[in-house]
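Let's take a walk around this one, going loop by loop. Have the model open and follow along.

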Amino acid sequence: MIQHIPSLYIGNSAFKGRGVYTSAEIQAGDLIEICPVIVCNEEDLPLIHKTRLHDYYFLWGEEEEKCAIALGYGSLYNHSYNPNARYEVDFDEEVIRFYTLSTIKAGGEITVNYNGDWQDQNPVWFDK
């Protein structure tokens with residue numbers, strides 16, 4: 001099973017630190033990456049807020065009572081309220097799948113909405 005498309009790379013993102021980019025065009029609806037995750041239990045969730053991992057975790061579980069760190073490029077996609085990609089969590093397989101919402105040109109940064117729903121315009125923690 002392919003875990004990610006071969007054109008992905010990490011680059012510097014204006015005002016955002018590092019970001020995930022593609023060196024080749026990706027078509028709308030394409031699978032970008034399947035990221036295995038490291039799931040942390042409920043007791044770990046408050047602790048993660050005291051570490052640098054705070055900006056890199058996903059809420060996890062049906063009740064969002066746990067957290068998970070995505071491997072691969074998963075925890076490095078930057079946020080946008082107008083993203084060009086979305087993600088789906090799979091609690092059973094313990095993976096996150098990333099898909100394009102629109103065609104992304106070569107050299108383009110891949111972004112997701114950190115709210116989980118790519119259309120959700122509610123402010124995320126760093127915009128509050």
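Start with Glu94, which is partly exposed because its relative accessible area is 39%, and partly exposed covers values between the buried limit of 20% and the exposed limit of 50%. You'll find Glu94 in the loop between β7 and β8 (95-100). Have a look at its backbone too: Glu94 isn't a glycine, yet its phi is positive, at about 55°. Keep in mind that this is a predicted model.

Now hop over to the loop between β4 and β5, where Glu64 sits. Here's another residue other than glycine with a positive phi, near 55°. Glu64 has 48% relative accessibility, so it counts as partly exposed. Glu63 is found in that loop as well, between β4 (57-60) and β5 (66-70). With 66% relative accessibility, Glu63 counts as exposed.

So what do Glu63, Glu64 and Glu94 gather in on the surface? They belong to a patch of negative charge, together with Glu62, Asp92 and Glu93.

Is Ser80 buried or exposed? Its relative accessible area is 17%, so Ser80 is buried, the cut-off for that being under 20%. Zoom in on the side chain of Ser80 and you'll see what it reaches: the backbone nitrogen of Asn82, at 3.0 Å.

How values were computed: Residues are numbered from 1 along each chain as its sequence is written. This is a predicted model: local features need pLDDT of at least 70, side-chain atom pairs count only at pLDDT 80 or more; totals for chains, interfaces and linings use all residues. Side-chain values use heavy atoms; hydrogens and water are left out. Patches are made of residues with over 30% relative accessible area and no salt bridge: like charges are joined within 9 Å, nonpolar side chains (Val, Leu, Ile, Met, Phe, Trp, Tyr) within 5 Å. Accessible areas come from the Shrake-Rupley method with a 1.4 Å probe; for residues, only the protein chains shown count as cover. A salt bridge is a side-chain nitrogen of Lys or Arg within 4 Å of a carboxyl oxygen of Asp or Glu. Lys and Arg count as positive and Asp and Glu as negative; His and the chain ends are not counted. The place of a charge is taken as NZ of Lys, CZ of Arg, CG of Asp or CD of Glu. Helices (H or I, at least four residues) and strands (E, at least two) are DSSP runs, numbered from the N terminus. Buried means under 20% relative accessible area, exposed over 50%, partly exposed in between (1.4 Å probe, protein chains only). A polar contact is a pair of N or O atoms within 3.5 Å; within protein, one must be able to donate a hydrogen and the other to accept it, and residues adjacent in sequence count only if both atoms are side-chain atoms.
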